[in-house]
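Please keep the model open while reading.

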Amino acid sequence: MIVNLLFVVALVVRGAQGGNRTALIIGCLFSCWVCVSCIAARLFVLPFEFGFRELVQIAFSMQYVLLAFRLNVDYAKILVWLVRGALVFSAAIIIAFFSTGTWHNMGGFFPAERLWGLPFFPGWPNGLSVPLGFALWAILLKGVGPKRRHLAAFLISFAMYVTTSRGAVLACALVWLYYLYSLPFWRRFPAFTKALFVVFLVAAAVLFAVTYLSDDTLYALTKSYDRESITNTSLQLIELSPVFGYGGQTLEQVQTLMPVSLGAWSAQQTHNAILEIAIRHGVPGCILLVAFFAALFSRMKGRDRWALFAILFILSLTQDFIRNFEFLFCWHLLIHFPESACSRKASASGRHSKEDGKWT
């Protein structure tokens, strides 16, 4: 967390240009409300002293304001290195998958043990879906990466699959579906026909899963009782403190306030960005954050970016990615990356002409 904050400070020192004034104002209001909720929760809600968790919560919330700025950095080069890092990381995941013998535990085409990579990779397994999914989008939709970009895309896709994270599997499927939907081949067909094709692919995938996957695999992919318990508990906690929230505390910190089922307290957070912010900073903080992202979204142009925004939003409803630095960093690239600096014919060199901003 300290490294993440120092990196943000370094970007600010590097220089920031004018951005979305509306988003900047809302972001500052959200940051101020974070401070208010942390102090108010200590005075009126929880009988604990102001501590390190609140300081970290305030510091991380300040990062949202930076999304409103266009930083004076080479976005094209950053995106290339993000893809390269994702390829190296994917190769490491696949090597570990086979070298540890995890492939022996494949039950119904899916690894039976979800936490096999926990000793080797930080953020395992759910924290990997956003950076790997973003890199997959950059390769398929923006042409970033090696010349054999489809091979690189399959490498990342397989790594996302063997993480056994439902978020990673969902992100991979959504990116590939959108890529197939946007192929030039389909331009001759109306939107309704393309939508039917997507529905057919989804139906075929469901039929394959029901027919060929084992019962254990289907259970691992579709179980929802734990999330239902977490959601119900979160809503009850929000009802107890709807205005200020709990000042940066989340499920494992506020369990003394109410008796709940074991299914919810076995989790450390809500696995949902909206619920997480509402618990931490109340309904007003949640409204401010939604308004902030809406203001940022209004600046995005292009169907590809809107599609990735939708995918990231869906993922944020399945995990609390919004508190992770890589989620904010991908958001910054998505909002401010110049469309002219990259195309589907981009090379893997990472070099681009300073005169026209296009890749060479």
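Which helix gives the largest share of the lining of the second largest pocket? Helix α8 does, with 10 residues. This is a predicted model: local features need pLDDT of at least 70, side-chain atom pairs count only at pLDDT 80 or more, and totals for chains, interfaces and linings use all residues. Residues are numbered from 1 along each chain as its sequence is written, and side-chain values use heavy atoms, without hydrogens and water.

**The pocket**

The second largest pocket has a volume of about 1300 Å³. A pocket here is an open set of points on a 1 Å grid over the protein atoms alone, where a 1.4 Å probe fits, with protein on both sides within 12 Å along at least five of seven lines; lining residues have an atom within 4 Å of a point. The lining has 36 residues, and Val 169, Leu 170, Ala 173, Ala 205 and Leu 221 lie nearest the centre. It divides into 25 nonpolar, 8 polar and 3 charged residues.

**The patch**

Leu 170 also belongs to a nonpolar surface patch, together with Ile 274, Val 290, Phe 313, Ile 314 and Leu 317. Their accessible area together is about 450 Å². Helices α13 (273-297) and α14 (303-316) each give two or more residues to this patch. Patch residues have over 30% relative accessible area and no salt bridge, and nonpolar side chains are joined within 5 Å. A salt bridge puts a side-chain nitrogen of Lys or Arg within 4 Å of a carboxyl oxygen of Asp or Glu.

Terms used
Points joined across faces, edges and corners; volume = space filled by probe spheres on them. Helix = DSSP H or I, 4+ residues; strand = E, 2+ residues; numbered from the N terminus. Nonpolar A, V, L, I, M, F, W, Y, C, P; charged D, E, K, R; others polar. Patch = residues over 30% accessible without salt bridge, like charges linked within 9 Å, V, L, I, M, F, W, Y side chains within 5 Å. Areas by Shrake-Rupley, 256 points an atom, 1.4 Å probe, with all protein chains shown as cover.
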